Amino acid sequence: MLEMIEPILRWLVAPLVAFVWLLHTRVNKHDTEIAVLKSKYEADKTAHDREMKEMKETIKAIFQKLDNIEQALRK
């Protein structure tokens, strides 16, 4: 009976366990990479939003100055 179980364990269960362990380590690595990418995305998005806000403020200031110049020229 033991002679029948040993080949099954050696040629079926052991490779299956190794395959499952390989998948487990890859999934954990992918989870880590996904978390890093999400973090980087949030940082980039925050920086982009900040830059866009600064650009809007700069454009408003430019238009305000142009309006002031236009008013001064009309006087």
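Trainee: How many residues apart are Lys-40 and Asp-44 in helix H1?
Mentor: The model is a predicted one, in which local features need pLDDT of at least 70, side-chain atom pairs count only at pLDDT 80 or more, and totals for chains, interfaces and linings use all residues. Residues are numbered from 1 along each chain as its sequence is written, and side-chain values use heavy atoms, with hydrogens and water left out. Helices (H or I, at least four residues) and strands (E, at least two) are DSSP runs, numbered from the N terminus. Lys-40 and Asp-44 both lie in helix H1, about one turn of the helix from each other, which corresponds to a separation of 4 residues.

Trainee: What is the distance between the closest N and O atoms of Lys-40 and Asp-44?
Mentor: Side chains of opposite charge can pair when their charged atoms come close. A salt bridge is a side-chain nitrogen of Lys or Arg within 4 Å of a carboxyl oxygen of Asp or Glu. Lys-40 and Asp-44 form such a bridge, and their closest N and O atoms are apart by 3.1 Å.

Trainee: Is Lys-40 buried, partly exposed or exposed?
Mentor: Buried means under 20% relative accessible area, exposed means over 50%, and partly exposed lies in between (1.4 Å probe, protein chains only). Lys-40 has a relative accessible area of 49%, so this residue is classed as partly exposed.

Trainee: What is the relative accessible area of Arg-74?
Mentor: Arg-74 forms a salt bridge with Glu-70, with the closest N and O atoms 2.7 Å apart. Glu-70 is partly exposed, at 37%. Arg-74, in contrast, is exposed, with a relative accessible area of 67%.

Trainee: What is the area of the nonpolar surface patch that includes Val-13?
Mentor: Patches are made of residues with over 30% relative accessible area and no salt bridge; like charges are joined within 9 Å, and nonpolar side chains (Val, Leu, Ile, Met, Phe, Trp, Tyr) within 5 Å. Accessible areas come from the Shrake-Rupley method with a 1.4 Å probe, and for residues only the protein chains shown count as cover. Val-13, in helix H1 (residues 2-74), is partly exposed at 35%. Together with other residues, including Met-1, Leu-2 and Val-17, Val-13 makes a patch of about 930 Å².
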